[in-house]
Amino acid sequence: MPYPEIRPRRLRRTPALRRLVSETRLDPAELVVPMFVKEGLTEPRAIASLPGVLQHSRDSLRKAAVEAVQAGIGGIMLFGVPAERDPAGSGGIDPDGILNVAIRDVVSEVGDATVVMSDLCLDEFTSHGHCGLLTPDGEVDNDATLGAYAEMAVAQADAGVHVVGPSGMMDGQVGAVRRALDAAGHQDVAVLAYAVKYASAFFGPFRDAVESALEGDRRAYQQDPANLRESLREVALDVAEGADMVMVKPALPYLDVVSAVRDAVDVPVAAYQVSGEYAMVEAAAANGWIDRERVMLETLTSIRRAGAQIILTYWAVEAARLLRERY
């Protein structure tokens, strides 16, 4: 029909109309907050490149976990920062290592009131900063690393974690983790596979948060940002190996990948709004260049619209509170 009979603006006229016809909705239960816990801290410590994000002490982590539950978010992803590192990343496997202790702390505090997840990777624990064990000539040894991941998965499951998140981009990591969990009697522990993880420049502030020892880069095992079809192959392999959920990381620069992955699989799809995405918005807002809260929710909505039903974001708790106020 010709103008003026068709007037799409009719459905945008009031807030109530806009809410009624909204095609994409964010729900706090779909948000997961990453949290860092540092060995030896007695008080939480600010992370300069991640305004508002903390390295927690064990006590402050417990309190933050309770706050996250009260906000109604879907889960917590835990990262450990050890006091000491070695070439094998043994602190990640040690039952008394900071990440495994933190898992026990959080699970004992909140139980099943939220989903407790843990990063399953060696990079925070190795003195060289890579995600796997190294060969004598300094290359990451894929197959030797799988054995370490299997041990790490069992240690995290023994600590009570609900979901493990293998993130090292080693070939076969999901299968190795799934077999190890099942053999140890942890059939109910789910696997959130970091199936699509790009060698991204957006990870910089995260490396400050975990005090990464990395020199060089991870391009030999993380994906080329130019590739999409490769991502679909990685996802298909992880699902075949037993992944219960798959994740794309980063999120905003790869919304096309999130959408393609959503169309390709029938398991839940997650996306990680990484540290650099968060820090850019916070920096622009601090300079008065953007409306911080509007941009926060707009970015999260765009990730949800692309097809991610689970979003890892440092804004999870704050965004959940804003959503409850508005809706």
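Predicted model: local features only at pLDDT ≥ 70, side-chain atom pairs only at ≥ 80, totals over all residues.
Modeller: Local features need pLDDT of at least 70 and side-chain atom pairs pLDDT 80 or more, while totals for chains, interfaces and linings use all residues. Residues are numbered from 1 along each chain, and side-chain values use heavy atoms, without hydrogens and water.

Biologist: What makes helix H5 (residues 173–183) largely enclosed by the rest of the structure?

Modeller: Buried means under 20% relative accessible area (1.4 Å probe, protein chains only). In H5, 8 of the 11 residues are buried, so the helix is largely enclosed. Among them are Val174, Arg178 and Leu181. A helix here is a DSSP run (H or I) of at least four residues, and a strand (E) one of at least two, numbered from the N terminus.

Biologist: Which elements do the buried residues of H5 pack against?

Modeller: They pack against strands E5 (115–120), E6 (163–166) and E7, and helices H4 (142–158) and H7 (229–241). Contact means heavy atoms within 4.5 Å.

Biologist: Why is a set of residues called a nonpolar core?

Modeller: Its members are buried Ala, Val, Leu, Ile, Met, Phe, Trp, Tyr and Cys residues, joined through side-chain atoms within 4.5 Å. The largest such core has 100 residues, and Phe36 is one of those that touch the most other members. Strand E7 (residues 190–197) gives the most to this core, with 7 residues.

Biologist: Which residues does Phe36 touch?

Modeller: Leaving out residues up to four places away in sequence, its contacts include Ile47, Phe79, Phe206 and Tyr314.

Conventions:
Buried < 20%, exposed > 50% of the residue type's maximum accessible area, 1.4 Å probe, protein only.
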